[in-house]
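Subject: Handover of a protein structure

Dear colleague,

Please find below the structure that I am passing on to you.

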Amino acid sequence: MRRISRITVAGAATASLALALSACGSTSTSGSSDSKGDKGLAIAYDVGGKGDQSFNDAAYAGLEQAKKEFGYQTADVEPTEGETDADKEQRLVSLAKQGHNPVIGVGYAYAAAVKGAAEKFPDTTFGIVDDATINTKNVADLVFNEEQASYLAGVAAAKTSKSKVVGFVGGVDIPLIHKFQAGFAQGVKDTDPKVKVLSQYLTQTAEEGGFASPDKGKTAAEGQIEKKADVVYAAAGLSGQGVIEAAATKKVWAIGVDSDQYQQEALAKYKDFILTSAMKDVAKAVYNLAKSVEDGKPQTGIVRGDLKTGEVSLSNSNPKFADDAELQAAIKTAKEKIISGEIKVKSS
């Protein structure tokens, strides 16, 4: 079964594989105290790496849950600046050669790499977060209806704004982030057509740092706040930390993304200005894929999370948000209408 095949291939791993890994990204390998010695889940991070307090950290939380529950060795590997698709593929291939299963590329940028690695290792399950283009029997496309959570964020922003101006900061001008913008703008307009939405993308490509530059996020948010925005929503990975910092400094509201950013330790000094976060449960998706492999029934094809499954949502950690009865009622109504199909949320 899976454990036997994993141990067999793990035995072939040599120091050269470790060198191959280090050549295309630093890696962290760990196991629990009762580890059986075989290797389970491995993840390769997106731009920004571990510590982004958002997308990548959510994936790591899923890895930690799997490691704790299944008692096997895991690995998580950082990206490198200016890397190519070939570098990404080599990273995934090295993890698979060592016996890790499943192997997950965190982010749409891994599409070509996951496809190539999956073809080379048909007995290993691969996953990719935020991409639905890979139609291979041993690949799970882990995707989300981010526009639905973003719609609810738009409802919250419109109901909270006093200036009737709110902002959206997108990390990179790509279809994935367009989903966040479209849902947010629709939620704002459906709630209060008088509220103006200012939108800005930090870069045209990920290579320019749109997901990894807090300074760019801060500058963009400051510009929107100068134009009277008093709620700013960021879908920008690590760059979103700069948006949150700018909002806190100017004493306006920020809306976080992907993880519950009110709860993030690195953002603790700003948390009183984080109204809510439009979350997608990357941790759950990563863990569920690992569990499906552990159970001998690997997920494949498109695996989608939405409001109905509970894998996209708004966080309620900020008491000022959670205790606002009128705001919560508006969000609850919108959520029910989206789930029922009465509200069709745009994705572009």
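For how many contacts beyond four places in sequence does the model account over residues 31-36, where pLDDT stays under 50? The model has 13 such contacts for that stretch. Please note that this is a predicted model. The average pLDDT of the protein is 90, and 89% of the residues score at least 70. Over residues 1-24, however, the pLDDT is below 50, and the model gives this stretch 40 contacts beyond near neighbours in sequence. Where pLDDT is low, the predicted coordinates should not be read in detail.

Overall fold

The protein contains twelve helices and 13 strands. It has 348 residues, of which 57% count as buried. Of the contacts with a separation of 6 or more, 70% are between residues 24 or more positions apart. The protein exposes about 14,500 Å², and 51% of that area is supplied by carbon and sulfur atoms.

Helix H5 (residues 111-120) has the buried residues Ala111, Ala113, Val114, Gly116, Ala117 and Ala118. Their cover includes helix H4 (85-97) and the strands S4 (103-106), S5 (126-129) and S6 (139-144).

Pocket and cavities

The largest pocket holds about 390 Å³ of space. Its lining consists of 19 residues, and those nearest its centre are Val47, Thr80, Gly82, Ala206 and Glu207. By class, this lining has seven nonpolar, five polar and seven charged residues.

The structure also holds two cavities of 30 Å³ or more. The largest cavity has about 180 Å³ of space. It is lined by 19 residues, with Phe55, Ile177, Phe211, Gly237 and Asp258 closest to its centre. At least two lining residues come from each of helix H3 (55-70), helix H7 (175-191) and strand S10; H7 gives the largest share, three residues. Eleven residues of this lining are nonpolar, three polar and five charged.

The second largest cavity has a volume of about 40 Å³. Among its lining residues are Glu146, Phe180, Tyr233, Asp258, Lys280 and Val312. Helix H6 and strand S11 (274-280) each supply at least two residues of that lining. Its classes are six nonpolar, one polar and three charged.

Backbone features

Most residues other than glycine have a negative phi, and most peptide bonds are trans.

- Aspartate 258 is not a glycine, yet its phi is positive, at about 70 degrees. This residue is found in strand S10. Aspartate 258 counts as buried because its relative accessibility is 8%, under the 20% cut-off.
- Lysine 164 likewise has a positive phi, of about 65 degrees, without being a glycine. Lysine 164 lies in the loop between helix H6 (146-160) and strand S7 (165-172). With a relative accessible area of 35%, lysine 164 is partly exposed.
- The peptide bond from asparagine 101 to proline 102 is cis, with omega near 5 degrees. Proline 102 is located in the loop between H4 and S4.

A further loop residue

Lysine 251 is placed in the loop between helix H9 (240-249) and strand S10 (253-258). Its relative accessible area is 64%, so lysine 251 is exposed. The C-alpha atoms of lysine 251 and valine 231 are separated by 9.9 Å, and the two residues are 20 residues apart along the chain.

With kind regards

Technical notes: Residues numbered from 1 in each chain as written. Predicted model: local features only at pLDDT ≥ 70, side-chain atom pairs only at ≥ 80, totals over all residues. Heavy atoms only, no water. Helix = DSSP H or I, 4+ residues; strand = E, 2+ residues; numbered from the N terminus. Buried < 20%, exposed > 50% of the residue type's maximum accessible area, 1.4 Å probe, protein only. Contact = heavy atoms within 4.5 Å. Areas by Shrake-Rupley, 256 points an atom, 1.4 Å probe, with all protein chains shown as cover. 1 Å grid on protein atoms, 1.4 Å probe; cavity = no way out; pocket = protein on both sides within 12 Å on 5 of 7 lines; lining within 4 Å. Points joined across faces, edges and corners; volume = space filled by probe spheres on them. Nonpolar A, V, L, I, M, F, W, Y, C, P; charged D, E, K, R; others polar. pLDDT = per-residue confidence, 0-100.
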